[in-house]
Amino acid sequence: MTQINDKISTRIEGDIGFIVSDNPPVNALGIGVRQGLVGALEELNADPGVKAIVLYCAGRTFFAGADITEFGKPRQSPTLQDIIAALESSARPVVAAIHGTALGGGLETALGCAFRVAIPSARMGLPEINLGLFAGGGGTQRLPRLIGPEKALEHVLSGKPVGARQALELGIVDAVEEGDPAVIGAAFARRVIDENIPAVPVRDRDEKLAATRADPSAFDALAKKLTARSKGQAAPQANIDSIRRSFTMSLDEALAIDAAANRELMAGSQSRALRHLFFAEREAARIPGLPETAKARPVQKAAIIGAGTMGGGIAMCFAGAGVPVTVVDTTQEALDRGLERVKGNYATSVKRGSIGQAQMDERLALIAGATDRAAAADADIVIEAVFEDMDVKKEIFTDLEKRVKPGTILASNTSALDVDEIASVLERPQDFVGMHFFSPANVMKLLEVVVARHSSPEAILTAMAVGKTIGKVPVWSGNCDGFIGNRMVAKRSAQAERLLQQGAFPQQVDAALTNLGFPMGPLTTNDMSGLDIGYSIRKRRGTPFPIADAIVESGRLGQKTGAGYYRYEPGDRTPHPSPETEALIIATSEKLGITRRDIAEEEMVQRLLFPLINEGARILEEGIALRASDVDLVWINGYGWPRHLGGPMFYADETGLATIVAKLREMAAETPGDPSLQPAALLVELADRGQNFADWQKSRVAA
């Protein structure tokens, strides 16, 4: 064995050479790996006894992608493109032996090899669109040459990896075999040598391009269909343009244009936003101040109290992760209704093709039902998911604590109630934590882990770990009314109400945000959730919204009654302008003595977003959120904030904090009765210093 450097080594067995990468934890393609690969190829190609080369990785995965620590920094030679060119021009055919995940630059490296083999559990893909980019190492040029432009387009626009078997069917890999990567790679190399299989570089294959080159209409139609919901996003179109170049120009010409296009994307706000979120998710898992000895407790069985829409959705999350779960409700009728809803949700997923019938059956088998809370006795975590009534919740937890085993985590799904008050009835409050899921719980990614005064480090870590296990993005939150997300959304709701009072109609308010890239406007969202929910919260808080309250008091509760801010046809959730609601809005404005006016969309965007950003700054001041990036994750995963805009605090940094402070002061002057519009102290402090929330977060990490 020859050690090329500390990451790459070579060895020769007979007439087959081996290149081994050992760069834990994921064999990222950093500069050391790239330098070693060049040296290894030179060495093995110089040996006249070597007839083929196997490239594989030690550890748990093939090259999982680029070294993310190099993002945004000057490129160092040799680049990924240099490595791929060296593989393609190798005098000896190179076989990539793939295990684990070959993503992004990892798959592109494999595409530079003459052949690719994989073990059955391997997964591979080009997920660069998730970072606002496309595969800059030539993936969008070589993949179409292997599987055709249309299939390549579907693959890169989804950003999702495929398994080895599917990769074989598509033509990405040449063989899938059980065994050690080095062994299966050597076996395939033996075939190449013995059968004299031609080693044609992927760059020189164009048979899969011919049909699209002759008639690109199917490609164009597919591109239009797949980007129908990509309003305002630059990366999807850039990926389409790059794949189009695969069948309209030579590879080298395409690569030159690709390089410039990707540099432009990387320098842009959208890619910065998506990279910000990439790092934010990893950072959110780190909870400062907890003892190093604290560990999450194992959770092998769960129980949910409440079989309503939320309880059933949470149960589906556990079943989807393979964790047995028992749903408990007070009556058999309520339980049956809830379990039937779960079954219906799964049936819809089967109909859409997102899961198979076998998966549905497996998941349903993991969900049990009971009408006695004693059924929760052997659960490792019990999550209460009943309606928002403090007395009811206290009674449930008083009873549960007597039934469950010591060390069981008790959690409340409350969306706004004081978790300290809920925990006050417990003898073991250290085992209690808030776990705020978002509706529909089986779909929405956000989980706010709300820490009560006595929540132990183990309870917090268990809740965070459970969230990750069941496919959520868990975010630590302190205890306050509304926690992080709902506390902020209340400020947006107040501004939506004011816009309606002053001259806008619901469809104009919603369009201000959907035109920005939000999937749904705030008033459509309220109609979907049910207007009575917000109404009851406002009554509790003593914060009337004259128009919203009048709509509810007229019997319009949203989609469930066929009318709210909008009207709905039977069996259809499409919002239509409602003349009755518009008349009520106008009448309320007159009653309040407000002269209605036309409001520009830019003003609506500022009034809907700047106050919630301001509240986010207060949340950071108070320590309710640990990081500005955590606030962004809450809004991305729980409230439909467009990923390419990075979240409210990132958006604030891009807009400029001084601009936001000035606009807030204007709004506060126009509405002197609302102190929440006064710029937060942190916002003003950072603006005065010429800093932003990213600077603030870095300073806290450094401290």
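Analyst: Helices (H or I, at least four residues) and strands (E, at least two) are DSSP runs, numbered from the N terminus. Bear in mind that this is a predicted model, where local features need pLDDT of at least 70 and side-chain atom pairs count only at pLDDT 80 or more, while totals for chains, interfaces and linings use all residues. Residues are numbered from 1 along each chain as its sequence is written, and side-chain values use heavy atoms, with hydrogens and water left out.

The strand to look at is S7, residues 115-118. On one flank, S7 pairs with strand S5 (residues 94-98) in the parallel sense, over four bridges.

What about the two faces? In a regular strand the side chains alternate between the two faces of the sheet. "Buried" here means under 20% relative accessible area, against over 50% for exposed and partly exposed in between (1.4 Å probe, protein chains only).

Seven strands line up as S1-S2-S3-S4-S5-S7-S10 in an open sheet with mixed pairing. The edges belong to strand S1 (2-3) and S10, each with a single partner strand, so one side of each has no neighbour in the sheet. Further along the order, S3 and S4 run parallel and share six bridges; Gly17 is bridged to Ile53 in S4.

Asn27, in the loop between strand S3 (16-21) and helix H1 (31-45), has a positive phi of about 50° although it is not a glycine. Asn27 counts as buried, because its relative accessibility is 2%. Asn196 also has a positive phi of about 50° without being a glycine, and is found in the loop between helix H7 (181-194) and helix H8 (210-214). Asn196, though, is exposed, with a relative accessible area of 63%.

Then there are cis peptide bonds. The one from Ser77 to Pro78 has omega near 0°, and Pro78 lies in the loop between strand S4 (52-57) and helix H2 (80-88). Another cis bond runs from Ser439 to Pro440, with omega near -5°; Pro440 is in the loop between strand S16 (432-437) and strand S17 (446-450).

Zooming out, the protein has 30 helices and 20 strands. Buried residues make up 53% of its 703 residues. The C-alpha atoms fill a box of roughly 90 × 60 × 55 Å, taken along the principal axes. As for contacts (heavy atoms within 4.5 Å), among those between residues at least 6 apart in sequence, 72% join residues at least 24 apart.

Technical notes
Two strands pair if DSSP finds at least two bridges between them.
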